[in-house]
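I opened this entry to keep track of what I looked up and in what order. The structure comes before the notes.

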Amino acid sequence: RGAPGGRPGGGVTAEQVREAMELFIRQRSSVDAHLYDDTLGALRRLRSLGVGTGVLTNGNADLPMASPLLAAEVDFSLNAGSCGARKPSIVPFIAAANASRTTPSRIMYVGDSYGADVLGAKNCGMSAAMLLRGDAEAPEG
């Protein structure tokens, strides 16, 4: 038995699917309303000191489209899809170093996941720090 309208997918067009996916990604990626109060100020301060800043996420965030406040405060943003691999693989960290136009040894990577962020950055040759917020606890060791 065929789908309504005689089209695969229940009569949904490719354009409707594209629009729905764009909406999903925009909503899923929207982080501006969820930023900590000190995030934008900290990024502005770092940049005023000449420190480059960027975002590297395992998500599918398209920062310029979905999070304009954050995107305005960083020099680059990369996601797992654009890098072809997820953290803790060194592939996205190398991509971040390339985007920042420097070597991994000159980068301090700050993340909120010990396994994906801290270990991944260190395995790539970066310095790394884990940002603990709320009731998060530092990993043992």
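The notes below go from the whole chain to single residues.

**Overall form.** I am working with a predicted model. I looked up the secondary structure and found seven helices and four strands. Along the sequence they follow the pattern α-α-β-α-α-β-α-α-β-α-β. I then checked the extent: the C-alpha atoms fill a box of roughly 60 × 35 × 30 Å along the principal axes. The radius of gyration is 19 Å, whereas a compact globule of 141 residues would have one near 14 Å. Of the 141 residues, 27% count as buried. I also looked at contacts between residues at least 6 apart in sequence, and 41% of them join residues at least 24 apart.

**Cores.** Which residues have the most contacts inside the largest nonpolar core? I noted Leu56, Leu78, Phe93, Ala96, Tyr109, Ala121 and Met126, in a core of 14 residues. Strand β2 (76-79), helix α6 (90-100) and helix α7 (114-124) each supply at least two residues of this core. Another core, of six residues, lies apart from it; Leu43, Ala61, Leu63 and Val74 are among its members. I went back to Ala96 and listed its contacts, leaving aside neighbours within four places in sequence: they are Leu56, Phe76 and Leu78.

**Rings.** I searched the whole structure for aromatic pairs and found one. The ring centres of Phe93 and Tyr109 are 5.0 Å apart and the planes stand at 75°, so I logged the pair as edge-to-face. Phe93 belongs to helix α6 and Tyr109 to strand β3 (residues 108-111), so the pair ties together parts 16 residues apart in sequence. Both Phe93 and Tyr109 are buried. Elsewhere I noted a charge over a ring: Arg133 lies over the face of Tyr36, at 4.0 Å from the ring centre.

**Asp117.** This residue is in helix α7. Leaving aside neighbours within four places in sequence, I listed Lys87, Phe93, Tyr109, Gly111 and Asp112 as the residues in contact with Asp117. Both members of the aromatic pair, Phe93 and Tyr109, are therefore on the contact list of Asp117.

Conventions:
Residues numbered from 1 in each chain as written. Predicted model: local features only at pLDDT ≥ 70, side-chain atom pairs only at ≥ 80, totals over all residues. Heavy atoms only, no water. Core = buried A, V, L, I, M, F, W, Y, C linked by side-chain atoms within 4.5 Å. Buried < 20%, exposed > 50% of the residue type's maximum accessible area, 1.4 Å probe, protein only. Contact = heavy atoms within 4.5 Å. Phe/Tyr/Trp six-rings, centres within 6.5 Å; stacked < 30°, edge-to-face > 60°. Lys NZ or Arg CZ within 6 Å of the ring centre and 35° of its normal. Rg over C-alpha atoms; globule rule 2.2 N^0.38 Å.
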